[in-house]
Amino acid sequence: MKLAICLFVFLCFFGAMCQNVEKYQQQEQKIYASRNITTSAVFPRHNSMKVPAGEVVELLLGFKNIGDKAVNVTYIRSNLLFNYDKSVIKNFTTFAYGDVVMPGEEATFSYSFYIDQMVQPSNYGFISAVYYYDEQYQNYTTVFFNGTIDVIEAERDIDVSNFFGLVFLAGIIAIAGYVYIQTKQGKGVVSMGRSTTNDSDWTKHTLAGQHKNKKAKKRNN
């Protein structure tokens with residue numbers, strides 16, 4: 001009986017402890033934006049929001065501290081999502097900074113990401129958030145871009161060095177072919193010249209040659 005009571009008390013204590021841990025984890029996950037921070041975002045090379053797959057894309061964050069406490073910008077992370085269900089396609093690389101922005105100051109942070117060439121050209125959701133904390137080590141996060149981007153195929157520029165290399169190779173092949181043809185034609189001319197050096201050899205198997213042979217025989221007789 002005592003064993004059962006002890007077991008029941010232990011289970012109740014263990015359950016309460018698990019609930020407290022779960023609540024603590026949920027509170028940790030709820031990180032809000034600071035009212036003393038304003039942000040802006042711009043794609044310096046892709047203002048039209050058309051982002052090429054297979055290339056590195058730069059995103060600039062404008063971060064302004066309008067409060068009276070310094071904040072430390074720790075990192076930026078971004079996600080690519082499907083528009084129809086907001087499921088995550090890609091978690092991009094997290095960039096760490098560790099830069100302090102003093103009260104009244106504004107800073108610009110550069111963040112780069114890469115969309116794989118296998119991603120089909122289409123319209124996708126894109127979310128980018130900055131994480132920071134203040135002097136009391138209070139954590140904050142601000143989503144500074146939450147919109148859509150158009151993933152397009154990258155423009156394939158012709159490599160100049162490869163182009164001239166191909167032209168050079170084609171020129172060598174053309175010259176070699178020309179020399180080969182001229183050599184063949186030269187041998188043919190020599191061969192034809194040799195075959196016509198002896199007139200009697202050339203006509204001996206023709207009617208004219210047989211006629212000449214008969215005349216020669218008559219004269220000898």
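## Basis of the model

Strands are DSSP runs of E with at least two residues, and helices are runs of H or I with at least four, both numbered from the N terminus. The model is predicted, and local features need pLDDT of at least 70, side-chain atom pairs count only at pLDDT 80 or more, and totals for chains, interfaces and linings use all residues. Residues are numbered from 1 along each chain as its sequence is written, and side-chain values use heavy atoms, with hydrogens and water left out.

## Positive phi in loops

Tyr 137 lies in the loop between β8 (122–134) and β9 (139–153). Its phi is near 60°, a positive value in a residue other than glycine. Tyr 137 is exposed, at 64% relative accessible area; exposed means over 50%, buried under 20%, and partly exposed in between, for a 1.4 Å probe and protein chains only.

Met 49 occupies the loop between β1 (37–42) and β2 (50–53). Phi of Met 49, also a residue other than glycine, is positive and near 65°. Met 49 is partly exposed, with 27% relative accessibility.

## Aromatic contacts

Rings of Phe, Tyr and Trp (its six-membered ring) pair if their centres lie within 6.5 Å; planes under 30 degrees apart are stacked, over 60 edge-to-face, and the rest tilted. The count is 17 aromatic pairs. Phe 63 and Tyr 132 form an edge-to-face pair, 5.3 Å centre to centre with 80° between the planes. This pair links distant parts of the chain, with Phe 63 in strand β3 (residues 56–65) and Tyr 132 in strand β8, 69 residues apart. Phe 63 is buried at 0% relative accessibility, and Tyr 132 is buried at 1%.

One aromatic cluster is formed by Phe 43, Phe 92, Phe 95, Tyr 111, Phe 113, Phe 126 and Phe 145.
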